Amino acid sequence: MRWSRFYLFTTREVPKDAEVVSHQLMVRTGMIRKTAAGIYSYLPLGWRSLSKLMAIVRRELGVAGSVELTMPAIQPSELWKESGRWAEYGKELLRMDDRHGRDFCFGPTHEEVVTDIVRKDITSYRQLPVNLYQIQVKFRDEIRPRFGLMRGREFLMKDAYSFHAGEDSLEDAYEAMGAAYERIFEACGLDFIRVEADSGAIGGSASHEFMVVADTGESLVLRCEGCGYGANQEKAETKGLEAPERRSEAADATVVPTPGKTTVEDVAQFLGVEPQRVVKTILYRTETGPVAALVRGDREVNSVKLKNLLGVQDLELAEQDLVEQVSGAPVGYAGPIGLDGVRLIADRSVEGVTAFVCGANQPDAHWVGASLARDVHLDRFEDILLVGGGDPCPSCGKPLTISHGIEVGHIFKLGTKYSEPMGCSFLDDQGESHPMTMGCYGLGIGRTVAAAIEQNHDEKGVVWPLPLAPFEALVVPLNMNDANVVGTADSIYQALLEKGVDALLDDRKERPGVKFNDADLIGVPIRVVVGSKSLANDQVELSLRRDGEKKLVPIAKVAEAVLDEIVGESPRPKS
């Protein structure tokens, strides 16, 4: 491709709304353009990278036994009402009605549509399993879209769905798809990890996320270097925290004044106790009424664990009015003693705490010497702890490490969550009807490309891993007024194309500095520079974007040298 004929316009200006590197560079390189909040056009340079990822995805899903189809983006409400999600999904679901007043939505995912397809075609266990996928535009009406393609409203996604006669067959497909994901991200040259995850709005019995490791990632990932355990922070568990030193219980708890002390740190310092001996009472609002969660003062509640435990759709921190209504005290002074009409869930971290401090449910006061067994009427102890770095691994007990990650893929064991309410069933060998067991498997196309930039960039621009680079090689003639330079650059360009190299020729009449800056910005992995000085010796300059090291290569051997560099730059499968 010749730059002069390609639709490629770079910019030096950083977009004001671009908070992360990938968003900044995708706009500056001319990969995407914003159309509305969270909605982007994929321009030719960006589409080339997306297309290369989609080719890798199609190749590996074929190996895993998944078959491609395309489903409509606009979905009728009737299907969503059958599954029960029309009322459950929330404001992220973009709803609309047609000219006849019939309700539709712009699909954020396609469980309902694919289940409707399969239930019309599959009737017998002999026809199972089946595995179908598509690469298609989705829409989720995020309340605050940001980070470019990382958290947009409209996005490109690969979603696959498998249907089975039982759990064993689902397990086989789940592992095959997980292995396919690993091969995809390895083929892209990305540093990634697979971790246990919460199933969220999709539902199901189990799920795993695939995270690209990057400092700008929104997700926090806990990993064990000892046994390989990994989970995102929403799902992570720990073997158990070391209990504070046990102290003998006083005969009775005592209320003491703590004027203006609303934080754990202030209360602990004022009373001369360790923060872990303070028990926090966190009040939440749910659609079934207020809930109080108890956790050790030096730790936090995992709201996702708590929400799943309670089985509620909405879980939000109680606002000041509700806190005062429930506890009779301002925020910072709520406590579990005498807290009536509220479900009390305590994290296991407080089970061994003795003679603790907690809010007194009155302004400027706390209980001292409190006892859970004596003073508090708990519903139960549960794991609602937000696990952090240094906590013991739930499998081997070694300290967990914490890092940032970008979720690029998520696979789920759905079970019969959709097939049962939607009547997607099959007949077994005895003629008995059963709901099909399902799995689903999502991979963000735009997000993966953006994550690759987050992981591969420097102060000059993108440093593409070769498989996702929009072009493999860039030929740069320095003087477009020198016929020898132009002719040699063109012949090298043609030779690369004949060898199957995906090459871009910068034939613009721009100064060398402009060309070099743009070359660094768009990050093509291999660069061939044609200048008058090197041509005098029948040589050109070859360099790699990743390390910038330059070497002179005879003109006759340029194509072979570029092919050698492509082989050297290609990612190797993990051992």
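Predicted model: local features only at pLDDT ≥ 70, side-chain atom pairs only at ≥ 80, totals over all residues.
**Domains**

- The chain is divided into domain 1 (10–237 + 402–453), domain 2 (254–375) and domain 3 (471–569), with bounds that come from an automatic or database domain assignment.
- The centres of domain 1 and domain 3, taken over C-alpha atoms, are separated by 39 Å.
- Nine residues from domain 1 and eight residues from domain 3 take part in their contact, where contact means heavy atoms within 4.5 Å.
- About 700 Å² is buried between domain 1 and domain 3, and carbon and sulfur atoms give 57% of that area; buried area is the accessible area (1.4 Å probe) that two parts lose on being put together, summed over both.
- On the domain 1 side, R12, R48 and K52 lose the most area to domain 3, together 54% of what that side buries.

**The five-stranded sheet**

- Five strands form an open sheet in the order β28-β27-β29-β30-β31, with mixed pairing; strands (E, at least two residues) and helices (H or I, at least four) are DSSP runs, numbered from the N terminus.
- Two strands pair if DSSP finds at least two bridges between them.
- The edges are β28 (503–505) and β31 (550–554), each of which pairs on one side only.
- On average, neighbouring strands here are turned by 25° against each other, direction ignored.
- Five bridges link β31 to β30 (residues 539–544) in the antiparallel sense.
- Helix α13 (residues 512–522) lies across β27 (473–477), β28 and β29 (526–530), and runs at about 170° to β29; axes are lines fitted to C-alpha atoms, for helices over the stretch in contact, and angles run from 0 to 180 degrees between N-to-C directions.

**The three-stranded sheet**

- Another open sheet has the order β13-β19-β18, with antiparallel pairing.
- Its edge strands, β13 (254–257) and β18 (356–359), each pair on one side only.
- The twist from one strand to the next averages 35°.
- β18 is joined to β19 (residues 365–370) by three bridges, and F356 has A370 in β19 as its bridge partner.
- In the loop between β18 and β19 lies N361, a residue other than glycine with a positive phi, near 55°.

**A helix pair**

- The axes of α1 (residues 21–28) and α11 (residues 445–455) come within 8 Å and cross at roughly 105°.
- These two helices are therefore roughly perpendicular to each other, a class that covers 65 to 115 degrees.
- V21, S22, L25 and M26 in α1 meet V449, A450, I453 and E454 in α11.

**A hairpin and a cis bond**

- Four bridges join β1 (residues 32–36) to β2 (residues 39–42), and these strands run antiparallel.
- β1 and β2 form a hairpin with two residues between them, and G38 in the turn has a positive phi of about 75°.
- A36 has I39 in β2 as its bridge partner.
- L128 and P129 are joined by a cis peptide bond, with omega about 0°.
- P129 sits in the loop between α5 (111–121) and β7 (130–139).

Key:
Residues numbered from 1 in each chain as written. Heavy atoms only, no water. Parallel < 35°, antiparallel > 145°, perpendicular 65-115°, else oblique.
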